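Please read the points below alongside the sequence and the coordinates.

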Amino acid sequence: MSSRKLPKLKIGDLEAEIPIIQGGMSVGISLSGLASAVANEGGIGVIGAAAIGMLEPDFKTNFKEANKRALRKEIRKAKEMTKGIIGVNIMVALSDFEELLLVAIEEKADLVFLGAGLPLKVPFEALKNSSTKVVPIVSSARAADLIFRYWAKHYNHVPDAVVIEGPLAGGHLGFKREQIDDPRYSLENILPEVISVIRVYEKQFEKKIPIIVAGGIYTGEDIYKFIQMGADGVQMGTRFVATHECDADVRFKEAFVKCKKEDIIIIDSPVGLPGRAIKNKFLEEVKAGIKKPIRFLWKCLKPCDFKKVPYCIALALTNAKKGNLEEGFAFAGANAYRVDKIISVKELIESLLIEYEKAASV
Ligand SMILES: Cc1cc2nc3c(=O)[nH]c(=O)nc-3n(C[C@H](O)[C@H](O)[C@H](O)COP(=O)(O)O)c2cc1C
């Protein structure tokens, strides 16, 4: 018989009391405030690193230094606020990916979650000599196999865990538009495929490689379902936005409370990936072909052709995070319309635990 209580999540020598990871949400949505609150409840709190320096005074003139400084500060602040587990989410597509990864290692982040691209070439020596665990985020068994095969061949080592992000997640998605609603690409279908890939590397390297699922996980019942299917943990983003501790402005959180099912849409992000967001006037204007002035002239994302894009996505997301949804928009998961109030991280985790136990006792 399966246990009624949520299992712990072990990643190497790290042990989280509950197998719930708060997904990294960049441009200042998950900083030390949210990450430490989740870690204090026994989960894993994650700081989003992309454009984290947006609030530093020299961001416009020296964005790389501003990002590094802000990330360093946030990791230190988070560690002051919790003794729990703190990770950093770094998008591989960032032009300062390696610099930010080195800061996370230097500041002894417990883990780094590496998504939006395949983390193949990494500063392995620095990682090997640190306690920081590496967790790639993938959207297919093929991507998982590519990463693990590359690491096995070049580093004689494999990542410490893997996150599978399915098509219901918020933010940039690792799927083509036409795959998003195709049941063959559902998280439920991808999970067993990734499990069979990972089992091979677990055997080869004689270590447990936990598999974490993300995208559309909303209740404790959902967590129970995926644990029964063989996942070791879940990563959740949307639910953590609607918490008091989330580092975004309350107007950003209220956009989640107010939105309806039909407001959650798929956009073509200027960086060439589909993304899930809450429809608003800004996005309608973009869709109508209205170009938004671009004030910043650097490439924070490698695939961004900043001379051609209709707007700067980092700026639009930062405006929204600050509560200025007139000049930006909110990324959100497919279930964001189910959010009906802003609660504390503690209340959220407690309700997930109760729902899990209920589902487990049926
Ligand atoms: C507002 C927002 C910002 C996000 N930013 C990032 C990010 O910077 N990097 C990343 O890998 N994932 C990002 N995500 C994805 C989340 O980390 C998480 O995996 C995903 O939202 C899970 O799906 P859920 O929202 O249905 O729980 C973001 C999601 C949201 C809602």
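**Notes on the model**

1. Phe256 counts as buried, at 1% relative accessibility, and Phe252 counts as buried as well, at 2%, where buried means under 20% relative accessible area, exposed over 50% and partly exposed in between (1.4 Å probe, protein chains only). This is a predicted model, in which local features need pLDDT of at least 70 and side-chain atom pairs count only at pLDDT 80 or more, while totals for chains, interfaces and linings use all residues. Residues are numbered from 1 along each chain as its sequence is written, and side-chain values use heavy atoms, with hydrogens and water left out.

2. The rings of Phe252 and Phe256 form a tilted aromatic pair, 5.6 Å centre to centre with 35° between the planes. Rings of Phe, Tyr and Trp (its six-membered ring) pair if their centres lie within 6.5 Å, and planes under 30 degrees apart count as stacked, over 60 as edge-to-face and the rest as tilted. Phe252 and Phe256 are 4 residues apart in helix α10 (residues 250-258), so about one helical turn separates them; helices (H or I, at least four residues) and strands (E, at least two) are DSSP runs, numbered from the N terminus.

3. The count comes to 13 aromatic pairs. Among them, Tyr224 and Tyr356 are edge-to-face, at 5.4 Å centre to centre and 80° between the planes. Because Tyr224 belongs to helix α8 (residues 220-228) and Tyr356 to helix α13 (residues 345-360), this pair ties together parts that are 132 residues apart in sequence. Tyr224 is buried at a relative accessible area of 16%, and Tyr356 counts as buried at 2%. Phe124, Tyr150, Trp151 and Tyr155 form one aromatic cluster.

4. Which residues are closest to the ligand? Of the 21 residues that surround the ligand, the closest are Ser26, Glu165, Gly216, Gln235 and Thr238, a residue being near if one of its heavy atoms lies within 4 Å. The shell divides into 9 nonpolar, 11 polar and 1 charged. An N or O atom in the side chain of Ser26 is 2.6 Å from an oxygen atom of the ligand, and a polar side-chain atom of Asn89 lies 2.9 Å from a ligand oxygen atom.

5. An open sheet of 3 strands runs in the order β9-β13-β12, with antiparallel pairing; strands pair if DSSP finds at least two bridges between them. The edge strands, each pairing on one side only, are β9 (171-172) and β12 (264-268). β9 pairs with β13 (residues 274-278) over 2 bridges, and Gly171 stands opposite Arg276 in β13.

Conventions:
A polar contact is a pair of N or O atoms within 3.5 Å; within protein, one must be able to donate a hydrogen and the other to accept it, and residues adjacent in sequence count only if both atoms are side-chain atoms. Ala, Val, Leu, Ile, Met, Phe, Trp, Tyr, Cys and Pro count as nonpolar, Asp, Glu, Lys and Arg as charged, and the others, Gly among them, as polar.
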